[in-house]
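Have the model open alongside.

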Amino acid sequence: MLRFALGAAATVVCAGVVWLVVLGCGMAQQSAAKPKDGFATDRGPAPLAFDADRAMGYLKDVCKIGPRISGTDGMKQQQDLIKKHFEDLGADVSFQHFTARQRSEGRDVEMANLIVRWNPDRPRRVLLCSHYDTRPIADQEPSRQRWHDPFISANDGASGVALLMEMGNHMKDIDPSVGVDFAFFDGEEYVFDQSDEYFFGSKEFAKQYTKSKDKNKTQYVGAVLLDMIGGKNARFPIEKNSFWKAPDLVRELWKSADDMGCTAFRSSEFSKFAVEDDHLPLNKAGIPAVDIIDFDYPHWHRLTDTPENCAGDSLDQVARVLGVWVQRAK
């Protein structure tokens, strides 16, 4: 699914003490200061009427396809399912086609990011994103003999898809002042060996955004990456790279979670690792991007990553936070 960096861990432990002050006692002082650009100061918007059971139904539908490895028929089936779902809801749906070659494989693979746009005429936008491909091998399965068994990756891939599919049902009920894009990144999981490259889809998305943003006059004021958000009893501490690269957005999201009693979000905790994920290419392209991720999910890259080990409540808590954030963005 991803890699993680261990560098500067000791520094972060010390920084964690500072962060507790910033998010806790310091938040009152921040609210009296000048508002951060990109977000409104009121706490008015209501959470979306998210249907957790329906979201879990979407998750199961995706998993019924089986593995959705980049360049395979399973991925094509998933793309057709997602495209029809959002087009039926009236969204603008497009594909960002590209070709990638993995180091260990030595062959070209056709990939495609799927982009869903709401209010496409609005130049200031926010981005909600998730990878939607599955790992070719279950490389954390205890028995190496089973690494190549069919691996459906319910939480690590399908959970982000399911949340955005359900969130799409409610986009007509809100009218944010910014445009909203959903992006499904291909090629994040197309990894066979430790020396392989990561994040093909988000790198392509970032490259295309950098090339075209002036011409299209598009500006993303923020992005939220969803990765492993549907596990039972999920925990979302503050991911370290997110805090280093997009601290204002981290504060906005985790403070909103605290305000709404979304206890899966741990505003007083840092993640164990500085996670390398699809949010890094976005930040590099000038998009403040945060990763919401439960890296303690015990079924990561295992055959047991199935719908039975996911929960609608975890999806619901993330969706409530995102719904308020989208409505407050400006």
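A polar contact is a pair of N or O atoms within 3.5 Å; within protein, one must be able to donate a hydrogen and the other to accept it, and residues adjacent in sequence count only if both atoms are side-chain atoms. This is a predicted model, where local features need pLDDT of at least 70, side-chain atom pairs count only at pLDDT 80 or more, and totals for chains, interfaces and linings use all residues. Numbering starts from 1 along each chain as its sequence is written, and side-chain values use heavy atoms, with hydrogens and water left out.

Q: What makes the link between the side chains of aspartate 139 and histidine 301 a polar contact?
A: The two side chains are joined at 2.8 Å, and the limit is 3.5 Å.

Q: Why is aspartate 139 called buried?
A: Its relative accessible area is 17%, and buried means under 20% (exposed is over 50%, partly exposed in between; 1.4 Å probe, protein chains only). So aspartate 139 is buried.

Q: And why does histidine 301 count as buried?
A: Histidine 301 has 0% relative accessibility, so buried it is. Its phi is near 60°, a positive value in a residue other than glycine.

Q: Why are H5 and H10 called oblique to each other?
A: Their axes (lines fitted to C-alpha atoms over the stretch in contact, with angles from 0 to 180 degrees between N-to-C directions) cross at roughly 50°. Under 35 degrees is roughly parallel, over 145 roughly antiparallel, 65 to 115 roughly perpendicular and the rest oblique. Therefore H5 and H10 are oblique.

Conventions
Helix = DSSP H or I, 4+ residues; strand = E, 2+ residues; numbered from the N terminus.
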